[in-house]
Amino acid sequence: MENRIIELVQEIQSANPNGQGELEVFRLKYISKKGSISELFETLKTLPKEEKQRFGKPLNELKQLAESKFTEWQEKLESSSSAASLDIDFTLPPVPEKQGNQHPLTLTRNRIIEIFERLGFSVADGPEIEDDWHNFSALNFPENHPAREMQDTFFVEKKGQDGASQDMLLRTHTSNVQVRMMTNQKPPIRAIMPGRVYRNEAISARAHCFFHQVEGLYVDRNVGFADLKQTLYHFAKEMYGQDTKIRFRPSFFPFTEPSAEIDISCLICKGKGCNVCKYSGWVEIAGSGMVHPNVLRHCGIDPEEFTGFAFGMGIERVTMLRYQVNDLRLYSENDLRFLRQFSTVV
Ligand code: DAH
């Protein structure tokens, strides 16, 4: 008995079944009911009591050894065969991870900044929660101007430290930053001011309660309308291509005199007429004008000495023409099918 156990331990330890077939032979030979280990257990039953006690333990150990070897080989075989059956080509390059990309409005804003920075404009920022003076009064809006009314402006109440409340508002345009710049620094001032603005409008394809503008301001001695025209002409060509035409239409803003709205030739139909340009061949992208002397005065700048031009353009509108987006709501709905389209556009 003793020799037989030693013999089997050696056999099992040196066994190295290769493949499922050989493993099955191993199982039949040692572990199965008719295998050599079961045989030994049968013999053990016939032995006298002390012998049973003597060989019981080593025989059990032998059984455990055979079984653990068997499961070890079986697991090895299974893992190697499952990798093979997956049929993976490990030499292939990995699938690229999806990367995030910039929002189309960010791409357009950055491009606008790039164009104006090369003309010597710096970039400035101002508050979105503003007081009436910076958003309206300083900009020469009369007391009863319709833009101040509730239908356009979101008012918010601000409690001061003394507990008194003050009427504040969400800025309706980026022109408030013009006022902040002109009150805080002396001319020459040459800056663009991108940012978000708010209006109490029903949301539709063409209007939204928040959108983005870029304000432009150039104040110095002898700044004239020709400077405004040339600057925006340059901008339009840089943004939309050298063939782009630009048109100034007389308009009215309280803070500029004279005032003009700026149209660019429709890129989509090349002036032939389409639904984007409403069959006019032109699309409006900005309001502009020469800074009104009252505005300069309100900000502590002498209009006899300095003049300036200003403009404000809608980033959504510029983006719409750039990428032919026909619904403003797409910009804020976070639909990845829309947003991913801009991953390769710089
Ligand atoms: N603030 C105007 C608006 O929101 C746009 C504008 C027009 C800005 C003329 C200007 C300007 O600076 O000169 O509609």
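Reader: Leaving aside neighbours within four places in sequence, which residues is His134 in contact with?

Author: His134 is in contact with Leu139, Asn176, Val179 and Arg180, where contact means heavy atoms within 4.5 Å. This is a predicted model, in which local features need pLDDT of at least 70 and side-chain atom pairs count only at pLDDT 80 or more, while totals for chains, interfaces and linings use all residues. Residues are numbered from 1 along each chain as its sequence is written, and side-chain values use heavy atoms, with hydrogens and water left out.

Reader: What makes the pair His134 and Arg180 a polar contact?

Author: Their side chains come to 3.5 Å. A polar contact is a pair of N or O atoms within 3.5 Å; within protein, one must be able to donate a hydrogen and the other to accept it, and residues adjacent in sequence count only if both atoms are side-chain atoms. The value for His134 and Arg180 is 3.5 Å, so the pair falls within that limit.

Reader: What is Gly19 called, at 21% relative accessibility?

Author: Gly19 counts as partly exposed, because its value is 21%. Gly19 is found in helix H2, residues 19-31. Between Gly19 and Arg109 there are 90 residues in sequence and 65 Å in space, C-alpha to C-alpha.

Reader: How far apart are the centres of domain 1 and domain 2?

Author: The centres, taken over C-alpha atoms, are separated by 86 Å. Domain 1 covers 2-84 and domain 2 covers 104-339, with bounds that come from an automatic or database domain assignment.

Reader: Why is H10 described as largely enclosed by the rest of the structure?

Author: Eight of the nine residues of H10 are buried, which is why the helix is described that way. Among them are Ile315, Val318, Met320 and Tyr323. The cover over the buried residues of H10 includes helix H5 (104-117), helix H8 (225-240) and strand E8 (256-265). Thr319 lies in H10 and counts as buried, at 0% relative accessibility. Apart from residues up to four places away in sequence, Thr319 touches Pro104, Leu105, Thr108, Gln324 and Tyr331.

Reader: What follows H10, and what is its phi?

Author: Gln324 follows H10, with a positive phi near 55 degrees. Most residues other than glycine have a negative phi, and most peptide bonds are trans. Tyr279 also has a positive phi, of about 60 degrees, although it is not a glycine. Tyr279 is in the loop between E8 and E9 and is exposed, because its relative accessible area is 62%.

Reader: Which peptide bond is cis, with omega near -5 degrees?

Author: That is the bond from Glu257 to Pro258, and Pro258 lies in strand E8. The bond from Pro187 to Pro188 is cis too, with omega near 5 degrees. Pro188 lies in the loop between H7 and strand E5 (189-198).

Reader: How many residues has the largest nonpolar core, and what makes it a core?

Author: The largest nonpolar core has 45 residues, and those with the most contacts inside it include Ile112, Leu232 and Phe309. Such a core is a set of buried Ala, Val, Leu, Ile, Met, Phe, Trp, Tyr and Cys residues joined through side-chain atoms within 4.5 Å. Another core of 23 residues lies apart from it, with Leu169 and Val295 among its residues.

Reader: Which residues come nearest to the ligand?

Author: Of the 15 residues around the ligand, His173, Gln178, Arg199, Gln213 and Glu215 come nearest. A residue is near a molecule or strand if one of its heavy atoms lies within 4 Å of it. An N or O atom in the side chain of His173 is 2.9 Å from a nitrogen atom of the ligand. For Arg199, a side-chain N or O atom is 2.8 Å from an oxygen atom of the ligand. The ligand taken alone exposes 350 Å², and the protein buries 89% of that; accessible areas come from the Shrake-Rupley method with a 1.4 Å probe, and for residues only the protein chains shown count as cover.

How values were computed:
Buried < 20%, exposed > 50% of the residue type's maximum accessible area, 1.4 Å probe, protein only. Helix = DSSP H or I, 4+ residues; strand = E, 2+ residues; numbered from the N terminus.
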